[in-house]
Amino acid sequence: MRTDRLVAILLLLQRRGQVTAAEVARELEVSERTARRDLDALAMAGVPVYSMRGRSGGWRLVGGARTDLSGLTAGEARALFLVAGQASAATPAVRAALRKLVHALPEPFRAQAEAAAASLVIDPQRWGSSRVERRPPRLLDDLQDAVIRGVQVRLGYVDREGAETERTVHPLGIVAKGPTWYLVATTDAGRRTFRIDRVSSVEPTGDPARRPEGFDLAESWREIADEVDRRRTPLKVQAVCAAEGISKLRMTVGDRLEVGGTTLDGRTEVVIRGHNEYALAGELAGFVEWLEVTGPPGVRDHLILIAGALYERYGRDSPTAPAAATPPTAERPPARPLLAGREQRYPLSAGCCR
């Protein structure tokens, strides 16, 4: 990413005193054109660099300026290398910059910094998920550059339906949500969020981007994420749950679970958010031993139908099924004896379909 390259170029300037665009290009394995753009970006960002023309020309730091790292405490040095260490998800350019930073640290801190860099591995894959490595979107650097420079861009975008549009946006920031990257920007229609892997083109206009006064990217993203969660899970189910079922329920539904107070019979009031009644009933059917859904009625009806479908599939030929049992329907809920043996444990909770 471009930020990584700018840090690497700054450290290169400090070490050599003077560099050419060709030397930067070779060191960072980019084109000379990209190297010149990065050097210009350093100057625009306020770094005291200037160019000298001629046979012995190149780029220098004004007055031999240097970034002084001697003010770092031992704890700060360890924290820096822990976050972006060799075994973490840092890019090659960041790792190269860190190797150079080690030499700029005070001698007593170097061993601990190097140890911190090798002490952490970040594995973003969940257990059981695919190990396919996702590469950053191809236009991520261009959008990050526009955010840093504070310029408007003409954005080509393909929505989820495959329709392509083009609009001028004011980039405000970039967010990584799991493996997916998003651009937060303002448009004529207000604040919008764009998936960067759906961006088809980026053309800076050169005009300054308008940034709302007091804008904070982290706070803005929290508002966006909360709104997305509300839209994805508009339905709320009320239920009561036995104490030993709370942790199991949380493992399945995660942050969609809200835990309330304790009822007179010792169970816990809970609220579970979901996309629709059918999907939530499917999720909760396996918790019948601990959970009793109290509303809305539509979810209870779906649970009854699920119970009937399970009986049709597995109950008729089962030697352990009650002899007189008949499949439940929405009009005829399953009889309490289907949960025989659990009544002593949960005298008031014979299942969520009662």
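**Contacts and buried faces**

Colleague: Which residue forms a salt bridge with Asp 197, and how far apart are the closest N and O atoms?

Modeller: Please keep in mind throughout that this is a predicted model. Because a salt bridge needs a side-chain nitrogen of Lys or Arg within 4 Å of a carboxyl oxygen of Asp or Glu, we look for a partner that can supply the nitrogen. The partner is Arg 195, and the closest N and O atoms are apart by 2.6 Å.

Colleague: How many residues apart are Arg 191 and Glu 223?

Modeller: The side chains of Arg 191 and Glu 223 meet in a salt bridge, with N to O at 3.3 Å. Arg 191 belongs to strand S7 (residues 190–195), whereas Glu 223 sits in helix H8 (residues 217–232), and the pair therefore links distant parts of the chain. Arg 191 has a relative accessible area of 36% and Glu 223 one of 41%, so both count as partly exposed.

Colleague: How many salt bridges does the structure hold?

Modeller: Besides the pairs above, there is a network of salt bridges that links Arg 37, Asp 145 and Arg 149. Counted over the structure, the number of salt bridges is 12.

Colleague: Why do the buried residues of H2 line one face of the helix, and what is the arc they fall within?

Modeller: In helix H2 (residues 21–28), the buried residues are Ala 21, Val 24, Ala 25 and Leu 28. An α-helix has 3.6 residues a turn, so residues three or four places apart point the same way. Seen down the axis of H2, the buried residues therefore line one face, falling within an arc of 100°.

Colleague: What kind of aromatic pair do Tyr 157 and Phe 194 form?

Modeller: A search of the whole structure finds three aromatic pairs. In this one, Tyr 157 lies in strand S4 (residues 151–158) and Phe 194 in strand S7, so the pair ties together parts that are 37 residues apart in sequence. Tyr 157 is buried at 9% relative accessible area, and Phe 194 is buried at 3%. Because planes over 60 degrees apart count as edge-to-face, and these rings have centres 5.2 Å apart and planes at 75°, the pair is edge-to-face.

Colleague: What is the angle between the planes of Tyr 182 and Trp 221?

Modeller: Tyr 182 in strand S6 (residues 180–187) and Trp 221 in helix H8 are 39 residues apart, and both are buried. Their ring centres are 5.4 Å apart, and the pair counts as tilted, with an angle between the planes of 40°.

Terms used: Residues numbered from 1 in each chain as written. Predicted model: local features only at pLDDT ≥ 70, side-chain atom pairs only at ≥ 80, totals over all residues. Heavy atoms only, no water. Helix = DSSP H or I, 4+ residues; strand = E, 2+ residues; numbered from the N terminus. Buried < 20%, exposed > 50% of the residue type's maximum accessible area, 1.4 Å probe, protein only. Arc of directions from axis to C-beta. Phe/Tyr/Trp six-rings, centres within 6.5 Å; stacked < 30°, edge-to-face > 60°.
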